[in-house]
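Open the model in your viewer and keep the selection tool ready. The tour goes stop by stop, with something to select at each one.

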Amino acid sequence: MMEPVILTVNGTDRHLFVAPHRTLLETIREDLRLTGTKHGCELGECGACTVLINGVPILSCLTLTVDATDAEIVTIEGIGSISRPHPLQTSFGEHGATQCGYCTPAMILTAKALLDRDPSPSEQTIAEAIAGNMCRCTGYVSIVRAIAAVVEENQ
């Protein structure tokens with residue numbers, strides 16, 4: 001049986017009918033076609049599926065769509081575009097923090113949540129904030145450098 005839900009995704013209300021067991025990851029990628037949210041381990045271990053719910057990084061693979069009703073959901077598509085990238089997106093590119101790019105959307109959203117609550121985090125705080133997001137390419141040095149550069153630009 002399908003349930004009606006209204007999701008607010010990237011500032012737009014989306015009216016859907018979803019199965020109660022459907023994850024937010026499945027809904028975002030398959031129903032809403034927002035493929036910037038990546039499908040990773042489905043176990044909550046890699047962080048690739050991270051989205052912001054009410055400003056907090058959440059693993060969409062472990063969240064049921066029906067539980068996200070009435071929440072403000074932000075995906076990577078909601079913070080910037082190719083013509084107007086978010087400063088974190090620009091910095092990741094400038095500092096070589098993207099490599100294969102699979103973890104990049106989740107890293108950027110996690111960094112955005114950090115900077116929204118703490119505009120001047122230390123590199124240690126940045127490293128701790130992104131610890132739940134696995135990167136198999138860069139080893140995190142470039143990622144921390146890219147986030148720290150945005151912090152420095154905002155000072």
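A crossing of two helices is called right-handed if the near helix is turned clockwise from the far one by less than a right angle, and left-handed if it is turned anticlockwise. Keep that in mind for the helix stops. Note too that this is a predicted model.

**Stop 1: helix 2 and helix 5**

Select helix 2 (87-94) and helix 5 (141-153). Two packed helices are described by the angle between their axes and the distance between the axes. Here the angle is about 135°, and the axes lie 8 Å apart. Helix 2 is therefore oblique to helix 5. Their crossing is right-handed.

Now show the side chains at the contact. From helix 2, pick P87, L88, S91 and F92. From helix 5, pick I143, A146, I147, A149 and V150. Colour them by class: eight are nonpolar, one is polar and none is charged.

**Stop 2: helix 3 and helix 5**

Which residues meet here? Helix 3 brings M107, A111 and L115. Helix 5 brings I143, I147, V150 and V151. By class, this contact has seven nonpolar residues, with no polar and no charged ones.

**Stop 3: the largest nonpolar core**

Select L88, F92, M107, L115, I143 and I147 together. Within the largest nonpolar core, which has 25 residues, these six touch the most other members.

Centre the view on L115. Beyond its neighbours within four places in sequence, L115 contacts L88, P121, I147, V150 and V151.

A second core sits apart from this one. Select V5, V9, L32 and A71, which are among its 14 residues.

**Stop 4: G40**

Move to the loop between helix 1 (24-31) and strand 3 (50-53), where you will find G40. Is G40 buried, exposed or partly exposed? Its relative accessible area is 33%, so G40 counts as partly exposed. The cut-offs are under 20% for buried and over 50% for exposed.

Show what G40 touches: C46, A48 and Y102, leaving out residues up to four places away in sequence. Finally, draw a distance from the C-alpha atom of G40 to that of Q124. The two residues are 84 apart along the chain, and the separation is 26 Å.

Conventions:
Residues numbered from 1 in each chain as written. Predicted model: local features only at pLDDT ≥ 70, side-chain atom pairs only at ≥ 80, totals over all residues. Heavy atoms only, no water. Helix = DSSP H or I, 4+ residues; strand = E, 2+ residues; numbered from the N terminus. Buried < 20%, exposed > 50% of the residue type's maximum accessible area, 1.4 Å probe, protein only. Contact = heavy atoms within 4.5 Å. Core = buried A, V, L, I, M, F, W, Y, C linked by side-chain atoms within 4.5 Å. Axes fitted to C-alpha atoms, helices over the stretch in contact; angles between N-to-C directions. Parallel < 35°, antiparallel > 145°, perpendicular 65-115°, else oblique. Nonpolar A, V, L, I, M, F, W, Y, C, P; charged D, E, K, R; others polar.
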